[in-house]
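Thanks for making time this morning; I would like to walk through one model with you, moving from covalent links to charged pairs, aromatic rings, the core and the surface. Please have the sequence and the structure open while I talk.

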Amino acid sequence: MRSLVVTVRVCLSGAAFGAEAVPSLEAGSSYFEARISLALLGWEPQRVTSAGRECSGGGVKSCEMYEEMIGCSGLEQHRCQAIWRKDHSEFYIDTIGVDPLFIRMNTIRYGSHGGKPASPLKPSQP
């Protein structure tokens, strides 16, 4: 039983099937700062055309600032989703916040290349 648990953990790490492992990201941390770190590690924000976006209300500002935003809701806390790729790996970051400079990461979801379900980011440190 113990070896089964280890195998599952390796598969969930993102490195399975030759896919690039997604860097460790913390829930509640700055998307603006994470964006810089991801780019330095070779991850690329995927440009989404304005025709392919669904942005409304206050979320429009985040869509204008970040080319990788697929969409942002105009609801009270402005939830947005960004797409990132490297080699054959893809993942989505869901953010929350009003001001585009201060939006925070909420969850991460692996794309079709990794086939992983949505998962929470690491809890932020106090």
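Predicted model: local features only at pLDDT ≥ 70, side-chain atom pairs only at ≥ 80, totals over all residues.

**Disulfides, contacts, core and surface**

Let me begin with Cys55 and Cys63, which are joined by a disulfide with an S to S distance of 1.8 Å, a disulfide being taken here as a pair of cysteine sulfur atoms within 2.5 Å. Residues are numbered from 1 along each chain as its sequence is written, and side-chain values use heavy atoms, with hydrogens and water left out.

How many disulfides does the structure hold? There are two, and the other one is formed by Cys72 and Cys80, whose sulfur atoms lie 2.1 Å apart. Here the torsion is about 115°, so the disulfide of Cys72 and Cys80 is right-handed. Cys72 is buried, with a relative accessible area of 3%, and Cys80 is buried, also with a value of 3%. Counting bonded cysteines along the chain, the pattern is 1-2, 3-4.

Turning to charged pairs, a salt bridge is a side-chain nitrogen of Lys or Arg within 4 Å of a carboxyl oxygen of Asp or Glu, and by this rule the count comes to three. In one of them, the side chains of Glu68 and Arg35 meet with an N to O distance of 2.6 Å. This pair links distant parts of the chain, 33 residues apart, with Glu68 in the loop between helix H3 (60–65) and strand E3, and Arg35 in helix H2; helices (H or I, at least four residues) and strands (E, at least two) are DSSP runs numbered from the N terminus. Glu68 is buried, with a relative accessible area of 0%, while Arg35 counts as partly exposed at 24%.

Another salt bridge is formed by Arg47 and Glu67, with the closest N and O atoms 3.9 Å apart. Arg47 lies in the loop between strand E1 (44–45) and strand E2 (54–55), and Glu67 in the loop between H3 and E3, so the pair ties together parts that are 20 residues apart in sequence. Arg47 is exposed at 68%, and Glu67 is partly exposed at 30%. Arg85 and Glu90 also form a salt bridge, with their closest N and O atoms 2.5 Å apart; Arg85 is partly exposed at 32%, whereas Glu90 is buried at 6%.

Next, the aromatic rings. Rings of Phe, Tyr and Trp (its six-membered ring) pair if their centres lie within 6.5 Å, and planes under 30 degrees apart count as stacked, over 60 as edge-to-face and the rest as tilted. The structure holds two such pairs. Tyr31 and Tyr66 have ring centres 5.2 Å apart and planes at 90°, so the pair is edge-to-face. Tyr31 lies in helix H2 and Tyr66 in the loop between H3 and E3, so this contact ties together parts 35 residues apart in sequence, and both residues are buried. The rings of Trp43 and Phe91 have centres 4.9 Å apart and planes at 80°, so that pair is edge-to-face. Trp43 sits in the loop between H2 and E1 and Phe91 in strand E5, 48 residues apart.

Tyr31 and Phe91 bring us to the core. Which members of the largest nonpolar core touch the most other members? Of its 17 residues, they are Leu25, Tyr31, Leu38, Met69, Trp84, Phe91 and Ile93, where a nonpolar core is a set of buried Ala, Val, Leu, Ile, Met, Phe, Trp, Tyr and Cys residues joined through side-chain atoms within 4.5 Å.

Finally, the surface: Phe32, Ile36, Leu40, Met65, Leu101 and Phe102 form a nonpolar patch with about 610 Å² of accessible area together. Patches are made of residues with over 30% relative accessible area and no salt bridge, with like charges joined within 9 Å and nonpolar side chains (Val, Leu, Ile, Met, Phe, Trp, Tyr) within 5 Å; accessible areas come from the Shrake-Rupley method with a 1.4 Å probe, and for residues only the protein chains shown count as cover. Helix H2 (residues 31–40) contributes the largest share of this patch, three residues.

Technical notes: Buried < 20%, exposed > 50% of the residue type's maximum accessible area, 1.4 Å probe, protein only.
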